[in-house]
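Dear colleague,

I am passing on the structure below, together with some notes on what turned up when I went through it. Please read them with the coordinates open beside you.

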Amino acid sequence: MSEQDRFFDGWSTQRKVGFGLSILVCFGLVLGLAWWASRTPKAVLFSDLADRDAAVLLAELDRLKQPYSLSEDGHSILVAADTVHKTRMAVMAKQPPLHGAVGFELFNNTDFGVSDFVQKVNYLRALQGELTRTILAIDQVQDARVHLALPDQTLFRKDVHKAKASVTVMLKGGQALNAAQVAGIQRLVAASVPEITAEGVTVLDQHGVVLSKGSGEDVTVASGQLDARQDMEAHLTRKATKLLDRLFQAGEAMVTVDAVINHEQSRIITEEVLAAARAPQGERATGVVSRERSISKDSSSEQAAGAGTAPQVVTQETDYQNGKRVAQTVSPGGQLSRLSVAVVVKRKLSEVEIARVRDLMASAVGLVPSRGDNISVHSMAEFSAQPRAEARSAVAERYAATDQAHPAAAQRAAQVKASTSARAVEVLTGVMLLVVLGALAAWTCRRHPAAKPASLSDAERDALLVTLKGWLKPAAPAP
């Protein structure tokens, strides 16, 4: 009998079956863990895809025979992590028509047999696609559609309608376009398409709200006025903050400045009449002669007739031009009309300290009380603190609003968290299974101990004793 047979000889059938099952389960668990550790990690190839874009990319991956998998929501494509960059470049090299837009690559393989109408339609599609791709480069834009309305012009007839365009932008969650970006989109379309002006481009968002409310010179002037106000407020805020940081600790005081700027221009013209220059005593005042005339006429009186003479009356008139002074005063726009400053300090301040801070801030930002400027200084100790429960609810609402504003980021974070949790659960389950199997094997060995050898009878004991004596008896010497 071999040593292995003697090892299992005292085991019962139940114990042998349990031991064999334990070996099989441990072997399968080791194989499963080895497969899980050796599998290729996945990485995101494309994310936040619309259904049409996902269908186009999946068809391209099928043509490239590249294995892939989809996320649970179907808006992300996953491939092996070590091939994600190579696969992305291979897919984009094929220039798939994402966002439903095709560019001038439409004319790479042009059929010369097509009609002129088809060529015009293809050119219009390519132009719209190129504009769409350019607009998509803006960070806040998730998707865009461009429509061009170009009137047909022939040799003998020129359409009176003007060319126009409309742009619909789908913005990312929680983001918006400012007036300068909307004006930039209008100028982009106007500079790319002939006979379209910036005023003829309408920009809308995904809710149908018109973003291009103004155009031309008025938009530029309004934007410049707003920038001037913001620059002045930022400059004064920096000056006040620097002074407060020296007066208190950094971050212990907050200041905000509101400036009202008058952009109206005024012009005042004043005219004064100057008197003639005074002449020396005994001389007549002179000036610039504007008109001079002399009138002479005969006298017809009876005395003159009796004397036999005909005297003449000479009248001389001289007009002098008066001097004039003109003063013109021009007041340019952009003058500060009113200034309001608010200062909040975290720690408690006395009345003397508040008055001192008010005087320093007034001197720092240049307050003029006669102009209507005002300043307010308060301490946060004056306000009642909110309960902690309200603060926690406010923080929770803020995070909830953030998740609603950025659903794609929150969804990716949830996917990563779920994947990490799943792997942790798998590892923990494997360890617990090994511990349970070890405990089961130990319990089985303890439950069925090895069978004790059977005891010998008296006759068998006597026979064994005789045999042992025979072995111990010394051998007889040879004759």
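Glutamine 230 counts as partly exposed, because its relative accessibility is 43%, a value that falls between the limits of 20% for buried and 50% for exposed. Please keep in mind here, and in everything that follows, that this is a predicted model. The residue belongs to helix H7, which spans residues 217-247, and the C-alpha atom of glutamine 230 is separated by 9.0 Å from that of aspartate 258, although the two residues are 28 apart along the chain.

The sheet deserves a careful look. Three strands make up an open sheet in the order E1-E3-E2, with antiparallel pairing, and its edges are formed by strand E1 (42-46) and strand E2 (69-70), each of which pairs on one side only. Between E2 and strand E3 (residues 77-80), which run antiparallel, there are two bridges, and leucine 70 is found opposite isoleucine 77 of E3. Two helices accompany this sheet: helix H4 (residues 84-93) packs on it, touching E1 and E3, with a direction that makes about 20° with that of E1, while helix H3 (residues 51-64) lies across E1, E2 and E3 and runs at about 25° to E3.

Two residues stand out for their backbone angles. Most residues other than glycine have a negative phi. Lysine 65, however, which sits in the loop between H3 and E2, has a phi near 55°, a positive value in a residue that is not glycine, and with a relative accessibility of 75% lysine 65 counts as exposed. Glutamate 195 likewise is not a glycine and yet has a positive phi, of about 65°; its place is in the loop between helix H6 (179-192) and strand E6 (201-204), and at 53% relative accessibility glutamate 195 also counts as exposed.

Which residues form a nonpolar patch on the surface? They are Val114, Phe117, Val118 and Val121, which together have about 310 Å² of accessible area. Of these, phenylalanine 117 lies in helix H5, residues 116-135, and counts as exposed because its relative accessibility, 61%, is over the 50% limit.

How values were computed:
Residues are numbered from 1 along each chain as its sequence is written. This is a predicted model: local features need pLDDT of at least 70, side-chain atom pairs count only at pLDDT 80 or more; totals for chains, interfaces and linings use all residues. Side-chain values use heavy atoms; hydrogens and water are left out. Patches are made of residues with over 30% relative accessible area and no salt bridge: like charges are joined within 9 Å, nonpolar side chains (Val, Leu, Ile, Met, Phe, Trp, Tyr) within 5 Å. Accessible areas come from the Shrake-Rupley method with a 1.4 Å probe; for residues, only the protein chains shown count as cover. A salt bridge is a side-chain nitrogen of Lys or Arg within 4 Å of a carboxyl oxygen of Asp or Glu. Helices (H or I, at least four residues) and strands (E, at least two) are DSSP runs, numbered from the N terminus. Buried means under 20% relative accessible area, exposed over 50%, partly exposed in between (1.4 Å probe, protein chains only). Two strands pair if DSSP finds at least two bridges between them. Contact means heavy atoms within 4.5 Å. Axes are lines fitted to C-alpha atoms, for helices over the stretch in contact, and angles run from 0 to 180 degrees between N-to-C directions.
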